[in-house]
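I opened this notebook to record what I looked up in the structure. The entries follow in the order in which I made them.

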Amino acid sequence: MSPRRSPSAIARGAVALTAVLFASSAGAQPHPLRGLWVGSAKLLTVNEVAVPLDEHNIPVAPDPRVPTATHDAADIRLIIHVNGTGQAVLLKDVAILNRASGAAAAAAGDLALVTDPRLYPEFPPQPAKRFASAVFDFGDAQATAALDAIVEDAAARAAAFAATPSL
């Protein structure tokens, strides 16, 4: 799973935040906010991360406590899962699937929140609700592994090149 990120940190500078709760009503819920929250935020200010250089090429970092106004509003989709203890996790995408099939599924309301598409075959065939946000890049494990392999190969070749006196 991706690293946990604070929804309040992501939505800092939000002017409007609206959300809809998708949760099963079966059983007692230990935390009142438990469930899947899908909403949007309109960002009008941001904390700058770029560090410009001054006229003497010295880095001058902006004050992170002072938000900078954006040229235009940015509407972003937020997908947040709150577990039974109230801990919130920001998600990139999620599918809501029934664990059972047919009439039993409709009666039971036993739903699963699936964030890994490789798990879809473990559920009965069904139309599912899927929510995604293109705003956040949580990193792709395969892309990270491929990049690590390239770096390791480059390091090995550089070491071999340095160890060969004839080159």
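I looked up the side chain of Ser133 and found one of its polar atoms 2.9 Å from the backbone oxygen of Arg77. I took a polar contact as a pair of N or O atoms within 3.5 Å; within protein, one must be able to donate a hydrogen and the other to accept it, and residues adjacent in sequence count only if both atoms are side-chain atoms. This is a predicted model, in which local features need pLDDT of at least 70 and side-chain atom pairs count only at pLDDT 80 or more, while totals for chains, interfaces and linings use all residues. Residues are numbered from 1 along each chain as its sequence is written, and side-chain values use heavy atoms, without hydrogens and water.

Leaving out residues up to four places away in sequence, I listed Arg77, Ile79 and Lys92 as touching Ser133 (heavy atoms within 4.5 Å). Is Ser133 buried or exposed? Ser133 is buried, at a relative accessible area of 5% (buried is under 20%, exposed over 50%, partly exposed in between, with a 1.4 Å probe and protein chains only).

I placed Ser133 in the loop between β7 and α3 (141–163). Helices (H or I, at least four residues) and strands (E, at least two) are DSSP runs, numbered from the N terminus.

I then turned to the sheet. Three strands form an open sheet in the order β6-β5-β7, with antiparallel pairing (at least two DSSP bridges between two strands). Its edge strands, β6 (111–114) and β7 (129–132), each pair on one side only. Strand β5 (residues 93–98) is joined to β6 by four bridges, and Asn98 stands opposite Leu111 in β6.
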